[in-house]
Number of protein chains: 4
Amino acid sequence: MCGIFAVYNDIEAAELTYLGLYALQHRGQESAGIVSSDGKKFYSKIGQGLVSDVFEKDDILRLKGRYAIGHTRYSTTGVSTIVNAQPLIIRHKKVNLAVAHNGNITNALLLRRKLEEDGAIFQTTSDSEVILHLMMKSKEKEIHNKIKEALTPIKGAYSVIFLFNDKIFAARDPHGFRSLCIGKLKNSYILSSESCGFDLIGATYLREIEPGEIMIIENKKIKSIIFSQREKKAQCIFEHIYFARPDSKMFGESVYEVRKNLGEELAKESPPEKESIVIAIPDSANISSLGYAQHSKRPLEFGFIRNHYIGRTFIEPKQSIRDFRAKVKYNPVEEVVKNKVLVVVDDSIVRGTTSKKLVRMLKRCGAKKTHYRISSPPIKYPCHYGIDTPNKNELVAAKKSLEEIRKDLGVNSLRYLSIKGLLNSVNGKKCKYCLACFTGEYPV
Amino acid sequence: MCGIFAVYNDIEAAELTYLGLYALQHRGQESAGIVSSDGKKFYSKIGQGLVSDVFEKDDILRLKGRYAIGHTRYSTTGVSTIVNAQPLIIRHKKVNLAVAHNGNITNALLLRRKLEEDGAIFQTTSDSEVILHLMMKSKEKEIHNKIKEALTPIKGAYSVIFLFNDKIFAARDPHGFRSLCIGKLKNSYILSSESCGFDLIGATYLREIEPGEIMIIENKKIKSIIFSQREKKAQCIFEHIYFARPDSKMFGESVYEVRKNLGEELAKESPPEKESIVIAIPDSANISSLGYAQHSKRPLEFGFIRNHYIGRTFIEPKQSIRDFRAKVKYNPVEEVVKNKVLVVVDDSIVRGTTSKKLVRMLKRCGAKKTHYRISSPPIKYPCHYGIDTPNKNELVAAKKSLEEIRKDLGVNSLRYLSIKGLLNSVNGKKCKYCLACFTGEYPV
Amino acid sequence: MCGIFAVYNDIEAAELTYLGLYALQHRGQESAGIVSSDGKKFYSKIGQGLVSDVFEKDDILRLKGRYAIGHTRYSTTGVSTIVNAQPLIIRHKKVNLAVAHNGNITNALLLRRKLEEDGAIFQTTSDSEVILHLMMKSKEKEIHNKIKEALTPIKGAYSVIFLFNDKIFAARDPHGFRSLCIGKLKNSYILSSESCGFDLIGATYLREIEPGEIMIIENKKIKSIIFSQREKKAQCIFEHIYFARPDSKMFGESVYEVRKNLGEELAKESPPEKESIVIAIPDSANISSLGYAQHSKRPLEFGFIRNHYIGRTFIEPKQSIRDFRAKVKYNPVEEVVKNKVLVVVDDSIVRGTTSKKLVRMLKRCGAKKTHYRISSPPIKYPCHYGIDTPNKNELVAAKKSLEEIRKDLGVNSLRYLSIKGLLNSVNGKKCKYCLACFTGEYPV
Amino acid sequence: MCGIFAVYNDIEAAELTYLGLYALQHRGQESAGIVSSDGKKFYSKIGQGLVSDVFEKDDILRLKGRYAIGHTRYSTTGVSTIVNAQPLIIRHKKVNLAVAHNGNITNALLLRRKLEEDGAIFQTTSDSEVILHLMMKSKEKEIHNKIKEALTPIKGAYSVIFLFNDKIFAARDPHGFRSLCIGKLKNSYILSSESCGFDLIGATYLREIEPGEIMIIENKKIKSIIFSQREKKAQCIFEHIYFARPDSKMFGESVYEVRKNLGEELAKESPPEKESIVIAIPDSANISSLGYAQHSKRPLEFGFIRNHYIGRTFIEPKQSIRDFRAKVKYNPVEEVVKNKVLVVVDDSIVRGTTSKKLVRMLKRCGAKKTHYRISSPPIKYPCHYGIDTPNKNELVAAKKSLEEIRKDLGVNSLRYLSIKGLLNSVNGKKCKYCLACFTGEYPV
């Protein structure tokens with residue numbers, strides 16, 4: 001998962017892109033980069049770490065021009081090194097081209113091998129570089145036709161932004177796995193993975209780029225071409241469950257509302273025991289726990305305090321402090337938990353290891369009973385489209401029964417939301433969302 | 001405000017101190033330091049920035065010995081430079097001594113000038129250094145007597161830890177402005193500014209160091225002497241309102257419970273309009289808003305999403321984005337706010353500038369009405385005991401009437417909690433807490 | 001001009017390469033890099049600055065394997081950035097290939113444009129990358145045949161080393177502009193731009209790679225193929241005059257002896273005035289001044305002291321100290337110079353600006369007369385083969401007469417060595433050396 | 001040994017000080033620092049490493065004011081850490097004071113203990129800090145009287161510069177162990193450890209500060225007081241033999257001339273074998289070898305090439321390359337050495353380990369015979385006055401006879417210069433110089 005952002009035609013293009021990336025920081029903390037253009041020359045700064053660590057004031061000043069694209073990376077494919085940080089830039093003949101990509105190309109390796117047979121040399125191990133090589137191979141004259149030709153053989157998930165001189169292009173794969181929105185700020189156009197990127201800079205949300213659409217922003221105007229027959233929409237429902245910020249619009253729906261619906265559906269399907277109190281695993285389950293508590297008329301409490309100062313390179317103690325990795329992030333509030341019947345709401349269970357530790361911490365604080373409620377169905381299949389889920393054999397729900405997991409966690413009851421409940425929470429009918437991680441039915 | 005921590009007699013003394021500082025990170029992000037001792041030699045690492053930035057794995061390994069003290073600094077007095085970062089270390093004759101100090105010595109400058117007259121040379125501009133010079137001047141033989149003699153002329157707020165060879169000493173000023181707790185972990189003793197430092201490492205809370213007490217930890221035992229006639233207790237109530245972590249005990253009371261009481265008292269005194277919803281300024285007002293919502297039976301919603309990735313050196317845009325500094329931290333959720341009557345709960349108003357921006361953001365999102373509720377009385381006087389409040393003429397409540405502030409903020413109503421409501425929220429009667437920032441009655 | 005080095009089959013391959021680069025440091029201070037191989041995997045460290053700055057102890061330890069190549073860069077073509085630092089590495093299909101190149105490819109741009117037409121994407125602006133693309137285009141199976149095919153269309157100067165799994169390949173252009181030597185150290189083979197690289201690690205000099213030769217080092221043996229009809233040898237005579245270290249063998253001749261010969265020939269052609277003393281511009285003219293002094297039986301003195309601590313980023317004073325840039329490097333010794341008739345020996349005059357300053361400094365110290373003697377002919381033409389000479393119109397000897405230059409410098413007499421004297425100083429007859437910078441007769 | 005420098009009253013005070021330190025770089029490469037003053041406020045930059053590494057352009061710009069002092073440190077006493085880097089700065093009462101010190105205080109520990117008894121706290125382990133504490137203890141009003149009072153109890157070697165608001169003070173110990181010169185540049189006064197610091201910035205040498213003199217530079221004028229009865233002069237003769245730059249004046253004599261005299265005296269006392277050639281250990285013995293060669297009418301050759309790119313943190317190979325540490329610095333020129341009878345001139349022998357390696361290298365290059373000539377007497381006693389000689393039992397001449405050392409080195413003959421020859425080389429009679437390292441007669 002990554003965050004991508006672009007500004008077309010603003011005197012502060014790089015600054016606004018910096019802010020946009022900052023608002024998209026939750027989509028990737030591994031690296032960040034901005035490429036700007038003054039119409040002729042490119043300026044870039046790309047580095048490892050958080051947006052606020054990568055860019056110094058001087059960097060932003062050096063990033064001249066009215067056009068800029070940016071990227072925050074959360075490693076999915078490609079080894080995690082600076083060389084794979086984006087945007088990727090190439091200088092080809094006398095042309096500069098930069099690209100920022102969110103998603104995962106499922107046939108990248110195959111395409112790469114074919115290109116290498118013909119002598120192509122790749123700079124990175126990132127699957128995004130395939131797009132650039134296909135474009136450079138294209139004999140088309142117009143950039144958007146080169147893009148079209150390059151995207152045609154590509155399978156999988158991609159939302160992608162191109163910067164070329166004084167033009168910006170955006171494209172989204174025919175299934176529309178990953179979102180990409182366009183907004184407006186005075187005379188500028190803005191592209192952002194999520195609408196929360198618009199809020200910070202005061203831009204207005206216009207719409208999502210459509211699946212199979214190439215958007216051309218040039219001469220201060222937007223044009224659009226459809227480069228592919230529209231496939232069945234397969235938007236990633238996990239963005240709503242976990243990944244996106246609750247103050248964003250995603251695939252046209254409010255994440256906050258969907259997340260609250262998930263809690264309500266969960267409360268309908270698996271209501272709480274009497275006398276129980278509801279607590280969330282913060283911050284991702286805050287909204288669904290609120291939905292659960294309101295619908296079930298049980299009091300919400302802040303049972304866990306989350307430490308937000310976690311650095312990237314935290315040092316673990318030599319002699320293991322029990323449940324250390326969970327403890328360092330979450331601390332239960334004894335006064336809330338002690339002698340209480342708890343309904344703990346979480347967004348999902350992947351490996352189950354953290355959940356187990358959290359339950360153990362609650363027990364040590366004197367919880368009387370613990371009921372675990374998950375605001376999504378069991379994850380049984382890995383994602384091929386850009387979310388960093390582990391192999392199938394590390395997914396606890398792929399290997400164990402509900403009762404086995406319950407015992408593992410050491411809770412009094414465990415309930416997941418049903419697929420039906422999940423679909424009730426979104427406006428879309430089944431056909432609009434990709435549910436592959438729950439059902440194993442992969443769209444590509 | 002600072003955080004201080006110590007470990008007596010543990011093979012992982014530096015590691016546990018690192019974790020303790022990490023749990024106290026909210027008490028100061030400017031610098032962090034650890035000094036350890038193997039009984040003879042000192043080892044230290046002190047640097048600017050967050051705990052997770054200052055210490056590398058190798059640093060911790062180099063910090064040998066079974067004894068360690070640590071400090072996280074939030075600049076109050078003394079210019080903010082590395083030279084003022086703590087713990088302060090001195091080597092005097094053949095003796096090593098390190099000190100970590102939380103608080104503010106009100107007669108530091110006077111004492112310093114007197115010492116300088118006699119030829120003393122100060123290394124730092126920190127008021128804490130005065131303690132060391134007074135100790136070195138003392139002709140007493142025993143360290144705890146040197147400490148006693150040094151603390152006698154000192155006025156103001158201090159919780160202070162000393163490391164000397166294989167001994168650790170702790171002291172708290174006679175009024176007890178700043179807390180300092182002692183805990184136990186197997187055969188080790190632990191000192192921490194707040195009890196949340198114990199939770200992460202699995203230590204058990206024993207008690208607070210008493211005002212006017214010097215605690216001597218040596219030969220694996222605790223001894224205690226009273227170095228001063230006990231003064232009227234004057235514990236900082238602002239720790240409960242804002243500064244301490246809600247999962248801590250502070251002055252013997254649960255911060256979570258006190259904060260929830262504040263919200264309830266506020267709801268009793270200034271109940272919401274019908275049909276309103278309650279939202280907090282996250283995260284400091286989360287618990288009080290919950291107390292308010294529960295007591296007034298109005299729904300709580302997460303109206304603001306807080307961005308936790310704010311770096312220390314955020315770059316502001318050249319051309320001002322309106323309300324930028326607030327926006328970068330908080331984003332309202334349009335779906336929650338639009339067309340609603342809001343009760344916004346905040347912990348306090350200092351200058352009023354951020355509050356104003358937040359209200360403006362809510363309005364732009366379509367809030368119908370906004371009622372502002374503050375879970376503490378108006379702050380009219382600066383703090384002299386370690387909390388970084390501005391001068392009196394920057395405190396909005398010192399200059400303007402309630403109605404003027406309400407107009408400034410642009411809200412439909414504004415209510416503070418009364419002093420009486422505040423005291424109802426804590427177990428202590430008035431005499432136990434310092435209320436100087438509200439009343440101007442300074443204990444020293 | 002660059003330095004290249006390689007170690008084949010030594011347990012300390014990276015360490016020896018580090019030492020080799022260190023001995024070749026005078027050939028380029030802009031960047032340094034080492035790539036090692038354990039036969040399967042590559043390990044690399046490449047950075048900007050001096051060898052001693054780029055590599056930390058840990059870097060060397062990480063550079064595993066019995067095979068390594070290294071490079072020190074002195075920017076000639078390609079912008080001076082880290083991306084152009086060598087060795088260049090590519091991963092193509094499942095193959096790793098690294099290359100270190102010394103020289104200048106004269107038709108690089110042409111070849112590059114052609115490759116780009118076919119869709120090739122270049123990572124760097126370095127001309128060396130063309131070799132890699134041509135190799136990857138080759139349908140040959142064997143690496144040495146790929147090399148042969150790639151080198152065929154390339155014109156200009158190159159000595160080049162390739163690392164591939166557990167094999168090392170070396171090649172030199174058909175004219176042999178730049179040297180490349182092979183040596184032996186126990187069971188290892190060593191490649192080095194100059195023989196001084198062998199001395200430091202205790203290796204024995206075997207011979208130079210021949211012009212037009214590809215050397216294949218695999219299975220602990222050396223094989224050799226000739227990839228090109230041998231062209232007229234055109235070895236760079238400037239290596240002897242200035243660039244190479246005096247303790248090196250270069251093109252089979254001792255640089256020290258050649259340089260001393262230059263001084264003697266110069267003394268024969270332009271003998272000193274009676275009563276004069278001989279001083280050198282240190283350190284490059286030390287040996288030739290010695291030859292001059294010995295042959296003419298005049299005393300040598302150390303008239304200039306050179307400051308060897310010059311950093312790369314020396315800060316110049318705002319208000320110009322007269323002749324600052326020369327002064328910071330050279331200081332005349334007043335006691336040597338005062339009231340003396342001086343013969344100043346220098347290796348060459350390029351722009352003439354430094355010489356002018358040096359002369360002025362001597363005069364200020366009270367020199368009675370100054371006779372300037374240059375141990376090479378006037379440089380009238382730029383070098384196309386890797387030496388960083390300026391454009392023709394910046395070469396003082398291309399624009400001005402001897403008398404004009406003499407006046408510019410402000411010396412009593414000025415004499416250059418003749419072409420004949422130059423050729424007398426080397427064993428080779430004219431056909432063996434490139435004299436293009438003096439004569440304008442470019443071999444390619 | 002250290003270098004100290006000061007500029008009084010120049011708009012570019014910090015820049016000129018930077019240049020001065022740069023010219024004094026050979027006197028200490030461990031750390032460098034500059035403190036400037038605009039008359040009221042101090043500005044400083046102090047760091048570890050070379051002058052060119054410590055200071056960035058921005059640093060120099062920040063160092064405002066017309067007054068500046070600088071220091072380059074070569075660790076003698078005090079652990080080598082940044083805390084001991086100079087100039088030392090203190091802020092005392094409302095006064096700023098900075099000090100740069102060259103030399104070694106022999107009773108520093110004693111004075112320190114006494115001060116600590118009275119409660120003084122030291123910041124560093126440097127002996128220079130004692131001066132500051134003694135000054136702060138003084139009840140005198142005028143700074144120069146404080147200095148006088150502070151210097152009175154101090155024994156040993158010191159040349160010291162003080163910066164105070166818009167005044168600069170300089171002092172030299174009564175024996176005058178270490179030099180300190182004053183020069184003039186337009187309306188500015190310049191202080192420098194050696195006169196080569198004047199040349200670079202174009203200043204004129206005036207004179208040396210006298211032993212026992214305090215110089216006061218204020219109100220654009222120089223005043224002088226004598227703070228001590230003049231003791232027998234004991235200037236360090238080793239400055240002439242090895243330490244100072246040959247283009248400096250030192251104690252009123254030209255280092256170049258003294259060094260050449262040393263070679264001539266050596267040639268008189270220990271003439272060369274017929275048919276021999278003379279080579280120097282570069283660069284310190286260059287001038288004395290020239291004196292030797294000229295006087296004995298034997299040809300000088302450059303037998304060793306010195307690598308000037310040695311970094312501070314050179315990585316040694318794991319498996320020892322024989323004589324590595326010498327080899328990395330010096331490489332013999334085979335063509336010079338082979339089959340020759342050599343007279344090798346060196347300035348001194350300390351431990352003898354490097355000499356041994358150099359001789360071995362010459363033999364491996366085929367030297368027929370090697371005669372070692374040392375341009376100073378045998379060093380048998382450690383220096384207490386600032387030169388970093390090892391303990392007596394590491395000094396080879398303190399433990400072994402001439403014949404034993406000759407055998408150790410493996411040379412055909414070994415001769416030192418006599419004390420008489422040494423004294424003939426300087427203008428001074430015996431009473432003017434300290435010869436303690438040769439004779440054991442310590443002046444203090």
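Tyr385(C) is buried, with a relative accessible area of 2%, where buried means under 20% relative accessible area, exposed over 50% and partly exposed in between (1.4 Å probe, protein chains only). Tyr442(C), by contrast, is partly exposed at 26%. The model is a predicted one, in which local features need pLDDT of at least 70, side-chain atom pairs count only at pLDDT 80 or more, and totals for chains, interfaces and linings use all residues. Residues are numbered from 1 along each chain as its sequence is written, chains are lettered from A and ligands numbered from 1 in the order in which they are written, and side-chain values use heavy atoms, with hydrogens and water left out.

Over all chains, 46 aromatic pairs are found; rings of Phe, Tyr and Trp (its six-membered ring) pair if their centres lie within 6.5 Å, and planes under 30 degrees apart count as stacked, over 60 as edge-to-face and the rest as tilted. In chain B, Tyr385(B) and Tyr442(B) form an edge-to-face pair, with 6.3 Å from centre to centre and 65° between the planes. Tyr385(B) lies in the loop between strand S22 (369-374) and helix H14 (396-399), and Tyr442(B) in the segment after helix H17 (436-439), 57 residues apart. Here helices (H or I, at least four residues) and strands (E, at least two) are DSSP runs, numbered from the N terminus. Tyr385(B) is buried at 1%, whereas Tyr442(B) is partly exposed at 27%. Tyr385(C) and Tyr442(C) also pair edge-to-face, at 6.3 Å and 65°.

In chain A, ring pairs join Tyr74(A), Phe238(A), Tyr242(A), Phe243(A) and Phe438(A) into a cluster. Lys249(A) lies over the face of Tyr205(A), 5.8 Å from the ring centre; a charge sits over a ring if NZ of Lys or CZ of Arg is within 6 Å of the ring centre and within 35 degrees of the ring normal.

Turning to the cysteines, zero disulfides are found over all chains, a disulfide being a pair of cysteine sulfur atoms within 2.5 Å. For Cys437(B), the nearest cysteine sulfur is that of Cys383(B), 6.6 Å away, and Cys437(B) is buried at 12%.

Finally, the chains themselves can be compared. A rotation of 180° with 0.0 Å of shift along its axis superposes chain B on chain A, with an RMSD of 0.0 Å (least squares on the C-alpha atoms of residues with pLDDT of at least 70 in both). The two copies are therefore related as by a two-fold rotation axis.
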